[in-house]
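Please open the structure in the viewer and keep the selection panel at hand.

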Amino acid sequence: MIFLPLIIFIFGLIIGSFLNVVILRINTGRSIAKGRSKCARCSTTLSWYELIPVFSFLTLRGKCKTCKNPISFQYPLVELTTALVFTILYTKILLSNGFNFFGIVSFLGASTISALLIVIFAYDIKHKIIPDKIVYPFIIISLASVFWRNVFGDNDMLIKDLFAGPALAAPFFFLWFFSKGRAMGFGDVKLSLGIGWLLGLAGSLATFFLSFWLGAIVGLLLMASSKTSLKSEIAFAPFLIIAVFIVGVFSVTLQSLFPIW
Ligand SMILES: [Zn+2]
């Protein structure tokens, strides 16, 4: 059964390659499905072997073949991250639930949610905004996951799980409202609503603390390296999303974050 994880990893690379196109073209008016990829500088249409995930980046040594313009590290990073996340979800969800209907649908749902979060992660770093076209599907699938877990799975806390979305979004809403959008964007409020529904109350609480710690650590490191000042804006969604993956994959709880409790 070594082949299946390998197939899922390669499938993840291909999806990651597609996510790069989504990140590049969303809100630009360009169709995601139509039009071959081009070099960002010289507009040379890329040939099929320049589109192979990760490998083309390595064989081209990170440069455009025609104009030698450096290719962004975003491309191989998004491809490898997607492949890695899909493989982890395979072992966490498919192997533990078995290859039954519940296991397969759960795996496909978690993979879709992960793909949306990876797009939000990269897009927020690049543009300091969370695209509605990505965060709304995320919110809807996360809400569906509440019913999926509690009706078809063995969870039995429908009301608590439904409450978790607004509960996690509330502090972000107040941060957004009272800072007039300076401390937190409204996109973070929407994102946290979906995260609450995805992880439930316990997971949301752990994600809340973990994301602020990660944000504080990275913020201090950036200031120490004087790459940024206190005033400069740091996108917050990436910290939330890293926290979601840590909490989701390692089943982090508040007790494991605060052992004294
Ligand atoms: Zn070029």
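The largest pocket holds about 1,200 Å³ of space. Of its 37 lining residues, Ile-93, Arg-149, Leu-198, Leu-199 and Gly-248 are the closest to its centre; select these to begin. A pocket here is an open set of points on a 1 Å grid over the protein atoms alone, where a 1.4 Å probe fits, with protein on both sides within 12 Å along at least five of seven lines, and lining residues have an atom within 4 Å of a point. Points are joined across faces, edges and corners, and the volume is the space filled by probe spheres set on them.

This is a predicted model, in which local features need pLDDT of at least 70, side-chain atom pairs count only at pLDDT 80 or more, and totals for chains, interfaces and linings use all residues. Residues are numbered from 1 along each chain as its sequence is written, and side-chain values use heavy atoms, without hydrogens and water.

Next, select helix 4 (101-127), which supplies the largest share of this lining, 8 residues. Helices are DSSP runs (H or I, at least four residues) numbered from the N terminus. Domain 1 (1-99) and domain 2 (121-261) each contribute at least three residues to the lining of the largest pocket; the domain bounds come from an automatic or database domain assignment.

Then move to the second largest pocket, with a volume of about 790 Å³. Among its 34 lining residues, Ser-37, Lys-38, Leu-46, Leu-51 and Tyr-75 are the closest to its centre. Finally, select helix 1 (3-25), which gives the most to this lining, with 6 residues.

How values were computed:
Helices (H or I, at least four residues) and strands (E, at least two) are DSSP runs, numbered from the N terminus.
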